[in-house]
Amino acid sequence: MKYFILNIILAIIWSLLEEDINASNLIIGFILGHIVLQLSRRALGPSPYLYGIFKAIDLVLYFWVEIFKTNLRLVVDVLTPINYMKPRIIAVPLDVTSDAEITALANLISLTPGSLSLDVSADRHVLYIHAMYAEDKNKVIRDVKGKLERRLLEFASPAKDNS
Amino acid sequence: MNLLSEILMFIGAFFMFVAALGVFRMPDIYMRLHANTKSATFGVLFLVSGAAWHFWEIAIVMRAIIIVIFIFATAPVAAHMLGRAAYFAKAPVWKGTLSDDMKDKYDPKTHELAGIQKNHKPTTAKSKRDKQDD
Amino acid sequence: MTILNMLSFGLLIAAFVLAFARMIRDPRREHRILALDRVVAVDLMSTLSIGLMILYAAVTGQTVFFDVAITLAFIAFLGTTAFARYLEKGKK
């Protein structure tokens, strides 16, 4: 959090040097200040802010690629008369614990690869999803846990990586 | 009106048409929810970005961003509520469905969902007798 | 209005017709129609009308429709969740 404030101060200093505080100068200053902070990361020491941004970019990129893929697949499936669906209702054990993380994971699952979150068990350890292309049940669980949940966990608690 | 925004809006309209066709011809309610959640939100994203590119004013772009964020935040929640309600209403699953892990996991009285280990069996003769003993 | 815009309008209206038909009856008639099927169709129709409004706003240049689309998105979400909640808890 300390470095976030430092980043904002750098952005303000940049726009003061440009002799005009407006939105575009502040944004440019913020980006430049962030690059400076990333470059001096080793000197500043570990911080969740500086590492978290990569995890966030990773998560967002993965999310968009997956949403493109799943939509194209759905288009093929809907427009051709043959049904390629192999649906199952699958119980996925959860590693994420807090309510906010479960909500985020459930929403991401609903929007990405051929799966729709139905409900979370009362003890918050299992998420039930309806998967559309699930010939291999374990592969779906591996995909959800290994790709989506891992990225979300790394983003939510990046401090673990620094140790 | 420039060509890029027209093409973006056409792609958006196409995805929304695919969503409607999917809702029309998918065999069971869960797969209809798939089509409704994914393709429709994707179509709105393209349509709105095309319109925002067409106007390209700060007020309109902000509104477009608000619409996209709102649709992307609410569509999975609505799908979750509908899917849950459908499971309670004992909506028939498609005959091609391979397995159902959620069977007998709901407590029929309290609507509480169990984890992997324990099952809520539907009330049998044995459990009725147990209640009478109490 | 150009050809592409007309095609987009045509696709959206065809989608609207499909959703409406889905709301009225089950085309496959394999099993009884659930009330939830209709709710899904109505949810899709609200999303489609948001899309139609934005397309109309872009074609005619009337930016007011963006505000209407935001409001409709709010109300449609509330309506869908209320229906789902009611259908889940209503039948005792």
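Which residue's side chain meets that of A:Glu66 in a salt bridge? Select A:Glu66 together with A:Lys69, whose side chains meet in a salt bridge at 3.1 Å, N to O, the term standing for a side-chain nitrogen of Lys or Arg within 4 Å of a carboxyl oxygen of Asp or Glu.

Before going further, note that this is a predicted model, in which local features need pLDDT of at least 70 and side-chain atom pairs count only at pLDDT 80 or more, while totals for chains, interfaces and linings use all residues. Residues are numbered from 1 along each chain as its sequence is written, chains are lettered from A and ligands numbered from 1 in the order in which they are written, and side-chain values use heavy atoms, with hydrogens and water left out.

**Helix α4 of chain A**

Now extend the selection to residues 48-79 of chain A, which form helix α4 and hold both A:Glu66 and A:Lys69, 3 residues apart, or about one turn of the helix. Helices (H or I, at least four residues) and strands (E, at least two) are DSSP runs, numbered from the N terminus. A:Glu66 has 8% relative accessibility and counts as buried, where buried means under 20% relative accessible area, exposed over 50%, and partly exposed in between (1.4 Å probe, protein chains only).

Next, select residues 115-120 of chain A, strand β2, where 5 of the 6 residues are buried.

**Helix α6 of chain A**

Move on to residues 137-156 of chain A, helix α6, in which A:Lys145 and A:Glu149 lie 4 residues apart, about one turn of the helix. Their side chains meet in a salt bridge of 3.0 Å, N to O. A:Glu149 is buried at 2% relative accessibility, whereas A:Lys145 is partly exposed at 22%.

Finally, select B:Arg32 and C:Asp37, whose side chains meet in a salt bridge of 2.8 Å, N to O. B:Arg32 lies in helix α2 (residues 29-55) of chain B and C:Asp37 in helix α2 (residues 35-60) of chain C, so the pair joins two chains. B:Arg32 counts as buried at 2% relative accessibility, and C:Asp37 is buried with a relative accessible area of 2%. Returning to chain A, select A:Asp95 with A:Lys145 and A:Glu149, which salt bridges that share partners join into one network.
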